[in-house]
Amino acid sequence: MKKAKRAVVIGDVFVDMISEIEGFPERGGRTYGVPFGRSEGGTAGNIAAGLSALGMDTAIIAGIGEDESGEFLLKGLEQIGVDVSWIRPKSGLHSGTTAIFTDLQGERDIYMLVRGSAFEKLETEDFACLEEIQPDILCLTGVLAGICPAQEAVVEAARKWKGKAELYFDPNLCYPADKVPPKVKEGACQIADLCDVVLTGETEMKALGLTPKEGQSYVIKCGGQGSRLMNDRQEIVFQIPATRHRPVDTTGA
């Protein structure tokens, strides 16, 4: 009988605080909206939840604070079948939070309130458990790019497991395309170049200067034009058109 693959997701897990507002005010203004709803989020959290929902044996390693928000995140991930037993909550640090505001037309603003939070403090010791887990797949997220010491620890883990596990990377750029800090661009490229498959938006691929290297595949999201599979010769070898539907809320999609 073929052994089921085991995936480990490494990256950001945040509390999403979501509200629908009547409209976005001008700078210094105000608006009305509904009270915040709370849910588990973050790129790594969403990937782990998705893999688990598809029936894959999935564990997660993330920087979570030793606080009420951290307990909420761990409980929520565990309830949907994600193995959270390898997470070491960071004492004295808060878990990251994102505030998401959506107006009546579906437009949204996202505020990532994560600076100085536990997600930045992943260390090499947090990945020692990989020897025991022996993953077949490692999924890495780019929110850690440019963050010390987390980026260095993630790069070290990727180098150690390259060739032993399939490595996937989602940059999830959180900066405007024309305002990406050099250290973030450098970090994202460093992680991307170590991976077998990179999932990237067309705009963020250009903003970060990402290019497929030998043996790599890129899955490129192109909005209304669907998605494309690019090989290491930068040839489009497969394309999927966008679905025809009216999006209601793309948060975490």
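Cys148 counts as exposed, at 53% relative accessibility. Exposed means over 50% relative accessible area, buried under 20%, and partly exposed in between (1.4 Å probe, protein chains only). Cys222, with a relative accessible area of 9%, is buried.

This is a predicted model, in which local features need pLDDT of at least 70, side-chain atom pairs count only at pLDDT 80 or more, and totals for chains, interfaces and linings use all residues. Residues are numbered from 1 along each chain as its sequence is written, and side-chain values use heavy atoms, without hydrogens or water.

Back to the cysteines. The structure holds zero disulfides (pairs of cysteine sulfur atoms within 2.5 Å). For Cys148, the nearest cysteine sulfur is that of Cys189, 19 Å away. Cys222 is in no disulfide either. Its nearest cysteine sulfur also belongs to Cys189, at 18 Å.

Now the fold. Six helices and twelve strands make up the secondary structure. These are DSSP runs: H or I over at least four residues for helices, E over at least two for strands. The radius of gyration, taken over C-alpha atoms, is 18 Å. The globule rule (2.2 Å times the number of residues to the power 0.38) gives 18 Å for 253 residues, so the protein is as compact as a globular protein of that length. The C-alpha trace spans about 55 × 45 × 40 Å along its principal axes.

What of the interior? Of the 253 residues, 44% count as buried. Contacts are heavy atoms within 4.5 Å. Among those with a separation of 6 or more, 63% join residues 24 or more positions apart.
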